Amino acid sequence: MTVELSQPVRERVRSAERVVVFSGAGVSRESGLDTFRGAGGLWERMRPEELATPEAFRADPEKVWQWYAWRYRRVCEASPNPAHKSVARLEAVFPIIRVVTQNVDGLHERAGSRDLLELHGTITRAFCNRCGQRRDMGEAIAESAAAPPVCSCGGRFRPAVVWFGEALPEDVFRQACEATESCDLFLSVGTSGTVYPAAGLIELAHQAGACLIEINPEPTPFSRWMDLRLTSPAGEALPARVEAMERCRCPTT
Ligand SMILES: [Zn+2]
């Protein structure tokens, strides 16, 4: 089905040079990764709020590490869906495009997005809680799946994700803010816009006067600002809009 954008949005898309895609859990929902509940298995009834914290890691590092080993395996078994692939295609459409994601599953990267800012870190890497040395999560789990591997400095490796109660990586968030402040087009995809400070990027984009597009099944606190709002899952709504943007930018192809 061919979908056309409205005339005002087409004009903004045609002239846009800097684009930010802001993605949340909804983008990975169609890859089966939006929630870790109801997935079956040992960890089904665990609450992320009780395991994804520095306190939980201090109190029971083995339990937290095993939980992340399980989540990491689920991520490895999952595949990028049409939403991830459509986001990656935008790199060929606009001169500058940055993908700012709240997801830790690495699926944007696997789909081919290169200019990626992972606000909440990534489950595909681990780092030492003492010296900060980073390593591949899969290798760390292969070395020790039952307990976090011990670093040569004596510290312990933990997943390179931002836990509840931890600050976002400062440099990553600063780059996300800078990209947003200077963008012409801002796509908010699969995010409820309720987790701060990440959600503040939508406010920044609005203040910057960017053309705003939102794709999310439910309305968000920012829906009233949107130039285009689609109440659909990302994997359903995004591919046709990216095709429309491609036609708009490259009318001869
Ligand atoms: Zn270390």
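How many of the five residues of strand S8 (residues 211–215) are buried? Five of the five are, so the strand is largely enclosed by the rest of the structure. Buried here means under 20% relative accessible area, exposed means over 50%, and partly exposed is in between (1.4 Å probe, protein chains only). Strands (E, at least two residues) and helices (H or I, at least four) are DSSP runs numbered from the N terminus.

Bear in mind that this is a predicted model, where local features need pLDDT of at least 70 and side-chain atom pairs count only at pLDDT 80 or more, while totals for chains, interfaces and linings use all residues. Residues are numbered from 1 along each chain as its sequence is written, and side-chain values use heavy atoms, leaving out hydrogens and water.

Back to S8: Cys211, Ile213 and Ile215 point one way, Leu212 and Glu214 the other, and all are buried. On pairing (at least two DSSP bridges between two strands), S8 runs parallel to strand S7 (residues 185–189), joined to it by five bridges. Phe186 has Leu212 as its bridge partner in S8. Three bridges also join S8 to strand S9 (residues 228–230), again in parallel, and Ile215 is partnered there by Leu230.

Now for the zinc ion. Its protein donors (N, O and S atoms within 2.8 Å of the metal, or 3.2 Å for Na, K and Ca; water is not among the atoms, so sites may look incomplete) are the SG atoms of Cys128, Cys131, Cys151 and Cys153, lying 2.3 Å from it. In sequence they're spaced C-x2-C-x19-C-x1-C. Cys128 is buried at 1% relative accessible area, whereas Cys131 is partly exposed at 46%.
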